Amino acid sequence: QVQLVESGGGLVQPGGSLRLSCAASGSIFSISAMGWYRQAPGKQRELVADITTGGSTNYAGSVKGRFTISRDNGKNTVYLQMNSLKPEDTAVYYCDAMIAAYSGSAYFNYWGQGTQVTVSS
């Protein structure tokens, strides 16, 4: 069984910073892409950023230049450094990862439980 556990959310003032972490554990042979999504009230879940095993990154236009995604392959962990936060960044942030449980198995998409980020004065 695979688990993704996020941490680092909270309340921050506009212009502030937060760093989210997501650690994968359990039956893991290999992890390919990892990423962060967010869902604001009344809106669809949207991609924030993702990163490949080799470190190639992709960002939503609304966060480019403010957010940085990174990963530690040895720790099966992905991070999201969020700077210059705006009220419109308020949402529940979810991490996801494509994980193969054992050698030769298919990759499946796993999700974390979500962590709330609130940007407000």
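Are Asp89 and Arg38 buried or exposed? Asp89 is buried, and Arg38 is buried as well. The legends below describe close-up views of a predicted model.

**Figure 1. Salt bridge between Arg38 and Glu46.** The side chains of Arg38 and Glu46 meet in a salt bridge, with a distance of 2.7 Å from N to O. The structure holds three salt bridges, and the pair of Arg38 and Glu46 is one of them.

**Figure 2. Salt bridge between Asp89 and Arg38.** The closest N and O atoms of Asp89 and Arg38 are 3.0 Å apart. Asp89 belongs to the loop between β8 and β9, while Arg38 belongs to strand β4, so this pair ties together parts that are 51 residues apart in sequence. Both Asp89 and Arg38 are buried.

Figure 3. Arg66 is placed in the loop between β6 (57–59) and β7, and Asp89 in the loop between β8 and β9, so the pair ties together parts that are 23 residues apart in sequence. Asp89 and Arg66 are both buried.

**Figure 4. The aromatic pair of Tyr37 and Trp111.** The structure holds one aromatic pair. The ring centres of Tyr37 and Trp111 are 5.0 Å apart and the ring planes stand at 65°, so the pair is edge-to-face. This pair links distant parts of the chain: Tyr37 is in strand β4 (residues 30–39) and Trp111 is in strand β10 (residues 107–111), 74 residues apart. Tyr37 counts as partly exposed at 23% relative accessibility. Trp111 is partly exposed too, with a relative accessible area of 35%.

**Figure 5. Arginine charges over aromatic rings.** The charged end of Arg45 sits over the ring of Trp111, at 4.7 Å from the ring centre. Trp111 also takes part in the aromatic pair with Tyr37. In a further view, the charged end of Arg19 sits over the ring of Tyr79, 4.1 Å from the centre of that ring.

**Figure 6. Asn76, a residue with positive phi.** Most residues other than glycine have a negative phi. Asn76, which is not glycine, has a positive phi near 50°. Asn76 lies in the loop that runs between β7 (67–72) and β8 (77–82). With a relative accessible area of 24%, Asn76 is partly exposed.

**Figure 7. Ser84, a residue with positive phi.** The phi of Ser84 is near 50°, a positive value in a residue other than glycine. Ser84 is located in the loop between β8 and β9 (91–100). The relative accessibility of Ser84 is 41%, so Ser84 counts as partly exposed. Asp89 also lies in the loop between β8 and β9.

Key. Residues are numbered from 1 along each chain as its sequence is written. This is a predicted model: local features need pLDDT of at least 70, side-chain atom pairs count only at pLDDT 80 or more; totals for chains, interfaces and linings use all residues. Side-chain values use heavy atoms; hydrogens and water are left out. Rings of Phe, Tyr and Trp (its six-membered ring) pair if their centres lie within 6.5 Å; planes under 30 degrees apart count as stacked, over 60 as edge-to-face and the rest as tilted. Helices (H or I, at least four residues) and strands (E, at least two) are DSSP runs, numbered from the N terminus. Buried means under 20% relative accessible area, exposed over 50%, partly exposed in between (1.4 Å probe, protein chains only). A charge sits over a ring if NZ of Lys or CZ of Arg is within 6 Å of the ring centre and within 35 degrees of the ring normal. A salt bridge is a side-chain nitrogen of Lys or Arg within 4 Å of a carboxyl oxygen of Asp or Glu.
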